[in-house]
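Hi,

Here is the structure I promised to pass on. Have a look at it first, and then read my notes below.

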Amino acid sequence: MDHSLLPAPATEAPDSKFLHIPYGQRWEPLKPTIIKIYLQENNRIARLADRMKNEFQFDAKPHQYRYYFKKWDIKKRTTREEKTAVITALGKRRLRDGVSTSDAAIVQGGVQKAVDKKQLKRHIQDNIRHDVTAARLRPGLFLQHSLPYAAITRNQITADSPVTPQYLSINSPESVCTPSSPSRGQSPTMQLIQRKVLVDRATLFLDGRERDLLSQMSPAERKSWTLPLIRFKSLAGLPMPSTPEFAGESEELRISPTPIAGVTYLTAPTQLCRWAIHYKEPEYDDIPSLARSSDELAEEMYDIEDESTWTPWLVDGSQPDISTTMSQGLRQGDFTAIESHDVPLATDVLVDAAEKSKEELDAEAYGFAIMSRNMKVIIDMVEKYDDELPETMGEVFPFHLAARHLDGAKTCCSVFELLLNLMHESNSIGVRYIDGHGHTVLDAFFVKILRSHSTVPAHIISDVFSSQDRCEGDEVDPCGRWDADSPCVRQLHGSGHRAIPGDWKHTFCHTSVQAICHCLALIFMGPWRPNINTGSGLFKKRCGGCGMELAIGPLHALVLTAYHLANNATPGENLFGIIASLTRLLTLGADPCLVVEVSILELFGEHATAECHHTRMNPAELGSKVPPYILRKWSTEVQQGWRTFLAIITFEISCRKESKFEEKDISTTIFDSSSSDEDGEDDAASADSGDTTFCSSDIHDIERRMHRNLVYCGNTQLGILWMMIQGEFLTYRRLTEGASWLSPRFNMQEVLGAMDKQEPLPTKSQPTQADEGFKKYSRCGFFHGADHPGCARREEVCTSYFANFDDWSRTTFIVPVVGLTEVWGL
């Protein structure tokens, strides 16, 4: 402590007792002496009163001293706030040689009070004991840590370190020791402070407060946290380029935490999609063959260039599962290459939390399996709990994770199908449809569309993303051009860039369309399906006049998704994907007539006022309010797609408002599958006549038997459009750069004209009539004989093969979707 700042001790000079001053005025002159006897010499108030009376002829009662101590803000006991401030201040300086609790003093009434070490130690020990005991993993904790240091720190560490309060005086040593040696030569109290700092950081990590955690670390500590892993995990093993930014840097510092301008050395991904094909193996009759030895068979089958022919490793059953591997990794420090005593937080607290949180750790493992689309691990996790998953598994919101990490090129809808089949009751999608941010699973698909196929900033989509320049799952492209393991993504994040560059993205393409449409069918046609008309959590606004929260419906959210996709379009965008998503949702029962309170000023970027400016609108009315000056900025293809999109909604609203197009109640409809002959003339006749009480789709048989409505069937025009859309994304891909995004079979202009004029769509194919290469389909657009009508395969749709999927290097064959009757247990 700097004793030069303390009051001078009393002397024996005659005026040191201030006897010449009236009694009531002696308090202030004697204040330094009173505080010295009370605080520095640690006397009780009764003893203070006796000494002041005997030594200074100042006769005051104990209650008078209490009054003046309160007035002077003098207290012997250190408050919790002051202890916390001392710990924080000394904790920031704990790596400096010679730092001690004696360097801290609390200023009270203009004088300094030494920190009571016993009180401080007791306070720290109580806090550490509480924090360590309460430490638990929360589901989803590790899932959010998906970026290397350089990418995390860019525009992210904005929280300031805690400011030392004015009442605290700190004498700061200048010399600094290394992170691994702070405990050498420290007092027991400083060692406790070191421990408290590391435990507090572990608590911040467990609470998911990444920004606060990094803001408390010094630059050296931040680098030690992740730098040893960046080159391997983020740069994909590629050497760093020789650029001016890296000139003169040591090997350890070649990853700069600051943005690197002009990262031209990054290899951009191809603009050409990959795709997945649901393929059903043909059945063959067994043919007897001559018996051969296993060695002969193995020799014949073995191909060194084909890993699938290699003899599998023998598994002895002792291999740990993924959650055990994660726990061991924490315990052994496998998550970092630096020594455990150099890690700038209390790793033992993390290990202890993991040991106490078995189900939460399993939920983390489950989430990682979903993010990586590892269906074997997903199944293993479910079998671990004998098909009865704890509710903790649902707290990572598996369906939202699957939507954010959608990969239409390798797994399509397979992950969703698996989750829907495995997660029931309290973990079902009907219960877990809305996540902790108020976003639905459908919202997650809308976010995926915008973040993968447009340049719209994340904060425009939802306030949840207000401080983010990326969204979870951005590192996985739904059309298979990159994922988190791709060299281009590793290099991107390793160079300090968090967000996927806009020029990497391309049109909302057929691979993405197929995956999303299939997922929507599985979600809303299954036993645990949620209400498709559940309100959206995206694009929420609040009225500046009355304060009402302006939440929107699902199709309103789709309209705004279409608007932002158009307004932030990539080259070649035509909105076919949005039109397909709209048609899919309408056939599944989404209500286009739903009206909600919306603010045009807020939603389309106009300046809002302090007055109420919201009104009730349906989705078509909302879309019609896009300002003309914005529409004129869009390309011709986008404008045409936008008009087609709105025309479909408007036409569907008009159909549903007419009684002859009202959706039927399957439970009361008389259904007789024998009333239609094999060729379907009766169904065709009823479709032509506008009779909405009959449709030959197999789906309606399931509806009748289950007494539930699974699809909307009332508009033949919508059914034909859905048939055309399925035929398009099941048979066409853009094979070369510069090729059209649409096949000649789908003419957007003709679709727009038919919808505007309410004329038949441009196709010779009609319900139940095989033509133009397509098989028979029902008036609601579902093909006859498809195992799962919502996810029909190409061979269930086309009468002959005319798809252009013959580039097998870009093709992944996956198992077909389980039949709808099997899904419902029929």
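To get you started: in which strand does Phe813 lie? The answer is β9, which covers residues 811–814. Keep in mind that this is a predicted model.

Phe813 is partly exposed because its relative accessible area is 44%, and the cut-offs for that class are 20% and 50%. Together with Tyr279, Tyr801 and Trp808, Phe813 makes a nonpolar surface patch of about 450 Å².

Now for the inside. The largest nonpolar core has 180 residues, and the members that touch the most others are Tyr366, Phe445, Trp642 and Phe645. Take Phe445: leaving aside residues up to four places away in sequence, it touches Ala403, Leu406, Phe416, Ile516, Cys519, Leu520 and Ile523. There is also a second, separate core of 19 residues, with Ile34, Leu39, Ile45 and Trp72 among them. As background, nonpolar side chains tend to be buried together in soluble globular proteins.

Another residue to look up is Ala46, in helix α2 (residues 45–56). Ala46 has 48% relative accessibility, so it counts as partly exposed. From Ala46 to Tyr65 is 19 residues along the sequence, and their C-alpha atoms are 9.4 Å apart in space.

Finally, some totals. The protein chain has 32 helices and 9 strands, and 52% of its 826 residues are buried. Of the contacts between residues at least 6 apart in sequence, 75% join residues at least 24 apart. The chain exposes about 38400 Å², with carbon and sulfur atoms supplying 51% of that.

Cheers

Conventions:
Residues are numbered from 1 along each chain as its sequence is written. This is a predicted model: local features need pLDDT of at least 70, side-chain atom pairs count only at pLDDT 80 or more; totals for chains, interfaces and linings use all residues. Side-chain values use heavy atoms; hydrogens and water are left out. A nonpolar core is a set of buried Ala, Val, Leu, Ile, Met, Phe, Trp, Tyr and Cys residues joined through side-chain atoms within 4.5 Å. Buried means under 20% relative accessible area, exposed over 50%, partly exposed in between (1.4 Å probe, protein chains only). Contact means heavy atoms within 4.5 Å. Patches are made of residues with over 30% relative accessible area and no salt bridge: like charges are joined within 9 Å, nonpolar side chains (Val, Leu, Ile, Met, Phe, Trp, Tyr) within 5 Å. Accessible areas come from the Shrake-Rupley method with a 1.4 Å probe; for residues, only the protein chains shown count as cover. A salt bridge is a side-chain nitrogen of Lys or Arg within 4 Å of a carboxyl oxygen of Asp or Glu. Helices (H or I, at least four residues) and strands (E, at least two) are DSSP runs, numbered from the N terminus.
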